[in-house]
Amino acid sequence: MDILNALVAFLNFVFIPAAAYGAQLALGALGVTLIYAILRFSNFAHGDTMAFGTAITILVTWGLQSWGVSLGPLPTALLALPVGIAATAALVLGTDRAVYRFYRAQRAAPIIFVMASVGVMFVMNGLTRLLIGVDEYRFDDGARFIIAVRDFREWSGLAEGLALRSTQALTLVVTVIVCAALFWFLNRTKSGKAMRAYSDNEDLALLSGIDPERVVRLTWIIAAGLATIAGTLYGLDKSFKAFNYFQILLPIFAAAIVGGLGNPVGAIAGGFLVAFSEVAVTYPWVKVAGYLFPGWQPGGLLQLLGTEYKFAVSFVILIVVLLFRPTGLFRGKSV
Amino acid sequence: MSSNRQASAASPWRAPILFAALAVLFLLEGTVRNGLFSGSWNTALAILNMGLISAITALGVNMQWGYAGLFNTGVVGFLAIGGLAPVLVSLPPVQGAWDAGGPRLIGALLAGLGTLALAKIVYTRTGRIWAMALVLLAGLVAYRWLFDPAVLAIEANDSARTGNIGGLGLPVLLSWIVGGAFAAAAAWGVGKVALGLRSDYLAIATLGIGEIIVAVLRNENWLARGVMNVTSIPRPVPYEIDLQQNPAFVDFAARWGFGAAEASGIWVKLCYMSLFLVVLLGIILLAELALKSPWGRMMRAIRDNETAAEAMGKDVTARHLQIFVLGSAVIGIAGAMMITLDGLMAPNSYNPLRYTFLIWVMVIVGGSGNNWGSVLGAVLIWFLWIKAEVWGPNLIGALVGPLPEGDIKAHLLGSAPHMRFIAMGLVLLLVLRFAPRGLVPER
Amino acid sequence: MSDQDAVFGHRGNRDRSVVNPKGRGSIDGTRRSGSVGMGQAGDPFLIGEGMTGGYGKGADILHDCTIAVERGQIAVIVGPNGAGKSTAMKAIFGMLTLRKGSVRLDGRDITALNPQDRVKAGMGFVPQVNNIFPSMTVEENLEMGAYIRGDDIRRTMEQVYELFPAVAAKRRQAAGELSGGQRQQVAVGRALMTQPSVLMLDEPTAGVSPIVMDELFDRIIAIARGGLPVLMVEQNAKQAMMIADKAYVLVQGANAHTGTGHELMQNDEVRRTFLGG
């Protein structure tokens, strides 16, 4: 019984939250890694792209809610998501046309794109603030739990409860669908292969008749879609606050680099690795330990690091991976 | 070739004219009162003082980027760790804090560093990851065993007023150098790891360390009281209240036609300004001398053709580490100066957008690789950043004036201060597009 | 340091956590094509006539240089190092700014077309280096070669595999993992997938062993005998002339000698100056 209790506590406090968080990071890291692979720079505006897409989604959600539209047990935001993706795609395509395209034509060094992305980050940050302000919003509606703590206790007779929030389940389901669709697109369709070809060898792709501008546009649209979905899922699961989306840039970059920059599989693996480590290191294990070793009275909470240092975890994983595998877990394009 | 190519031989008058224009802006701010300017010398000097600190920060970033192409995204962290110095150096010691846990705390920190060093030695000697992990785990346990009780004891000591380890009670000016040393030490640690890999990973590593340093300041109450803030950090200049009670000063102010309150504010700010100018000019002098020395020629050679420099036997990684540490030290000095100017350590105010990326805007707008350009860019961008907060709402107010009262108008007016983010982004993008070498291009 | 780097200044930045230099291109893909004109009567199948020009706004590298290929023939460009051999081929392919001269293919004047449109006009080009997609499989490399085609490509793919049986066995393997000679075969196969009307090879045998080189030459002859004209830049002048229907010897960006491969092999001056006696 105690082992089961320990397992349930682990699932409830570590596994499920980390899986949902990892899925959100993975989606964000996929966008970063795609832009790195194809446009060849790290997009510092990605966090703010996520925030912008989420802000639009929230505004549309509020609109739908005020008209009384809902999806029943599912959050209304799912209905609003396509609008958010479309608006974000339009914004990033406009940005590319106004900002990045010039440097592409000039064949400027990729670091110049990084600098430009800092400018874009400021603009997008301001736009999001103009749109929705700097406050914290919750916008999840519909059913809150798939498994509620009390129901689980009654059903299982265990002392520990298990909760599965609908936003967490939704995150995982959506992530699986999005990743499957993305890999199908990249590996099976002509356009997806063209994107990979362009990433491998720009000149040869051009000489094969692949339109580089079309590849770039596709990349931005996919990145905008991934960013909006990641941002909305993160916002549904936790809450929306523009500044948090700026801060999430570090774990997202860490995930993309740990997995091997430019490698989509790596980005997903990196996202889950970062998330699981972050949650595992900042979780107070005293409860789980109490079930596993009933006689033991540990002095503290058995928490390796306070939650306020969760960013340190991304950092340490990053350093450790890079020290031992400079190209990331999966071979990226970075070295 | 392209439409945006700047004349490679810029006019020698370019920089002086731009600096004069900047001076006019500050004169207007000090003298003219209208929708654009405040007409207050106190405001003008306050902007200028912070602008000078930004200029020193920008100089540090410019050393790293301009001379070596290092992309530091953790400026905020180096500013913050520099800002720790005034707290630890110049605050009076806290009664009983040292006795409560000082030695144990030092022991814990030594144990932490020792563990890292030992882990590295074990790994290089044996090459076994598990042995190193074992050392790290044992070290962590030892560290927490020493550290946790010490922190509890220190934080319990008079927690309402202090609860931190306290300072050494030394002059605050000394802390500026210590701030530089703190930042240099942190930079050495990061650089050693991030530059030493097969290819460098400095951007992401500095992004991480920046967040971590700020998190440490925010949460380690024993260090600088965390989010409870440290106030009344000693000043290197007189206090306004003392000046106002000094009859000689009041007379002096009256002769210039100022009230005592206003004049005391201006006087204090002028004192700060002089101090900052001395530091700024000193750093520029040293930087320019260094650039003209054989060392500077070598740095430029590495920057312009790393492969050739490497072939000539130059250790590129070591040079990069050197300049990264130097630049970070300058940023740390600026961080210490900023805390001294504010007289307040408030870790929550360290926002990367403001303290990392705005500094980057300053460097790029001013002119990468040019020290005077960085100074110009920093003061100008800081002026715009502050004034945009005023101009944005005024502009929006004028634009939405004809609109009927309502939610939309209220929303637009309410969010007008955020316009400055868009404005700064646009300034950066426009400069990068039409004058990529900056306002004062590198010679 | 290129012009662009002087303007934008990347300052030797090599930070792999923010920039990805791998696979970065050098061709400006945003350049638009001009219009296609009429060819001239009596033209060879492909001719670059009186070409004068250089890279970007740099100095001229080619001076009134003329290269032509007839249907079903092999033409080679040979010459000493730095003679502008590859440059001449790139000029025909539209990667150079031409100040004088024109390029005409199959009765059309294509001087104003950008490289990607020349591919669509029927040119198959195999660059000297970076001529495969290393992380994609052999089969995907061939598919990408046929990117502009809307019809069924399986037949062409089978032909390529028949031509290069060694790579057919490795069709599911990443092209970057193959040996040097096999990579060149993939590269040529990729160019053939467009069903070009002329095949242009830039030093196809650079850096491969002599045995592999002989095999590659055999394949190239087979391709030409199949009716596809081949224009080739070659470092190994002797072998190249032996298989060439027409050879162009370039010196300092200008035509020095022109003739059939056999004629040039007999030419004393050619033999003395760079065939080594």
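This is a predicted model: local features need pLDDT of at least 70, side-chain atom pairs count only at pLDDT 80 or more; totals for chains, interfaces and linings use all residues.
**A walk through chains A, B and C**

Residues are numbered from 1 along each chain as its sequence is written, and chains are lettered from A and ligands numbered from 1 in the order in which they are written.

Strand β2 (residues 46-54) of chain C runs antiparallel to strand β5 (residues 97-105) of chain C, and 7 bridges join them. Helices (H or I, at least four residues) and strands (E, at least two) are DSSP runs numbered from the N terminus, and two strands pair if DSSP finds at least two bridges between them. Both strands belong to an open sheet of 5 strands in chain C, ordered β1-β6-β5-β2-β3 with antiparallel pairing. At its edges stand β1 (37-38) and β3 (62-69) of chain C, each with a single partner strand, so one side of each has no neighbour in the sheet. Across β2, β3 and β5 of chain C lies helix α2 (residues 85-93) of chain C, at about 70 degrees to β3(C). Here axes are lines fitted to C-alpha atoms, for helices over the stretch in contact, and angles run from 0 to 180 degrees between N-to-C directions; contact means that C-beta atoms, placed from the backbone, lie within 7 Å.

Chain C also holds an open sheet of 6 strands, in the order β7-β8-β9-β4-β10-β11, with mixed pairing. Its edges are β7 (123-126) and β11 (254-259) of chain C, and each has a single partner strand, so one side of each is left without a neighbour in the sheet. From one strand to the next, the twist averages 15 degrees. Within this sheet, β4 (residues 74-78) and β9 (residues 230-233) of chain C run parallel and are joined by 4 bridges, with C:Ile74 opposite C:Val230 in β9(C). Helix α8 (residues 210-225) of chain C packs on the sheet, where α8 touches β4, β8 (198-202) and β9 of chain C, and its direction makes about 150 degrees with that of β9(C).

Now let us turn to the other chains. In chain B, 32 residues are in contact with 36 residues of chain A. On the chain B side, α7 (202-219), α15 (352-366) and α18 (419-434) are the elements that give two or more residues; the largest share, 10 residues, comes from α18(B).

Notes:
Two residues are in contact if their C-beta atoms, placed from the backbone, lie within 7 Å.
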